[in-house]
Amino acid sequence: MGNDVKQFMDCFETTPLVGKLSNECWGVATVGTRDQDNGLEDKLIGTDAEGMRYCYWDGAILKDDESGKYYMFASRWDQNLGHRGWGRSKAIYSVSDNLYGPYEDKGLVYPNICEGAGHNVCPFRLHEGETYNGKPMKYGMVLSDTARSMRGAILVTDKLGGEWNFTGIMSVEQDRFALSNIGIIPTPDGKYLAYDRYGNIAVADKITGSWETKNERLFSKMEYLAGYGDVEDPVIWYSGGLFHCVVNRWDARRAYYMTSKNGIDDWKIHGGIAYIPEGDIINYADGTVNRWYKWERPNAYIENGEVKAITFAVIDIPKEEEKGNDNHGSKIIVIPFNNDKLKKLDESIYNG
């Protein structure tokens, strides 16, 4: 996408072909000829195929240190409910040998807990020393915007694809931290940082808390975001000595990028756009471009301290028009990302 780096969107790279480009796919024609093997999707949405068919949302990837396989955690619901079915989401995991897919749906993450209910699924690595019933744990997960008993739920496991254990609901100051659009990341100082839909930021020494809110309503203080009530789907990660955040103004279908040295305050918003639906972000080597109607729930895949890819949940038409049992749906895409360009972009802010 060129050598100039003026905005976050310039850091996306040419999308590699996993399968083949085809126009025999569900979705409106304006999405374009596409590779259905990229990411996670139900190729048979809107057909009479036997079995339960799904819409997918969220999407975050962790690499298994032992097998080298990629685990994508997401939410899904029956496609015959249309997009409004997201309220009945189940948390699932899928596996691939390739970062870009195809990912095979392996079923519910925790089938014996609240019937697997889960939405806004956010997995993350734990610091060493976290245990459950005396057994060391390696990975955590937080949920939000799902069944009431699972809003703010934290689960842990010792291996990807293994049994997940419910540790309880986040112990937060609920008048200062919302159990909506929650994300959690480990920080370099051995603690954890949590964030919510509104940019409330909390920290804890252990994954089970308690959580202390350190910054309230960050987004209401930032240029391009202040004064708007349609800000959601933030993702925060740490790489290259900085905390990074991308947040989406869903009504305007525009997202913005900011950074901080401590993850709490001192956030600096960068000019330009993080991503837009009409941008040529999904572009293949032959010049083919895909344009989904809406992009939400971004997540950064990080390996060896560098951002390698960004995942998105995408839908081909306005959400309210996706009725179910039609030729429309949602899936998760994986797009390669140039970490060196990101460094260049960040340096332009901090070094002038």
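A pocket is here an open set of grid points with protein on both sides within 12 Å along at least five of seven lines, and its lining residues have an atom within 4 Å of a point. In this predicted model, the largest pocket is lined by 27 residues. Those lying nearest its centre are L62, R125, P186, Y238 and I302. The space within this pocket amounts to about 700 Å³. Two or more lining residues are contributed by each of the strands β3 (54–63), β7 (122–125), β13 (183–186), β17 and β23 (294–303).

Strand β17 also belongs to an open sheet of four strands, arranged in the order β17-β18-β19-β20 with antiparallel pairing. The edges of this sheet are formed by β17 (231–239) and β20 (268–269), each of which pairs on one side only. Between β19 (residues 254–260) and β20, the antiparallel pairing extends over two bridges, and M258 stands opposite I269 of β20. Helix α1 (residues 339–350) packs on the sheet and touches β17, β18 (242–249), β19 and β20. The direction of α1 makes an angle of about 65° with that of β19.

The largest nonpolar core comprises 56 residues, among which F8, M258 and W295 touch the most other members. Strand β24 (residues 306–315) gives the most to this core, supplying six residues. With residues up to four places away in sequence not counted, F8 touches W237, V246, Y257, I273, A274, I310, F337, L342 and L345.

Conventions:
Residues numbered from 1 in each chain as written. Predicted model: local features only at pLDDT ≥ 70, side-chain atom pairs only at ≥ 80, totals over all residues. Heavy atoms only, no water. Core = buried A, V, L, I, M, F, W, Y, C linked by side-chain atoms within 4.5 Å. Buried < 20%, exposed > 50% of the residue type's maximum accessible area, 1.4 Å probe, protein only. Contact = heavy atoms within 4.5 Å. Pairing = 2+ DSSP bridges. Axes fitted to C-alpha atoms, helices over the stretch in contact; angles between N-to-C directions. 1 Å grid on protein atoms, 1.4 Å probe; cavity = no way out; pocket = protein on both sides within 12 Å on 5 of 7 lines; lining within 4 Å. Points joined across faces, edges and corners; volume = space filled by probe spheres on them.
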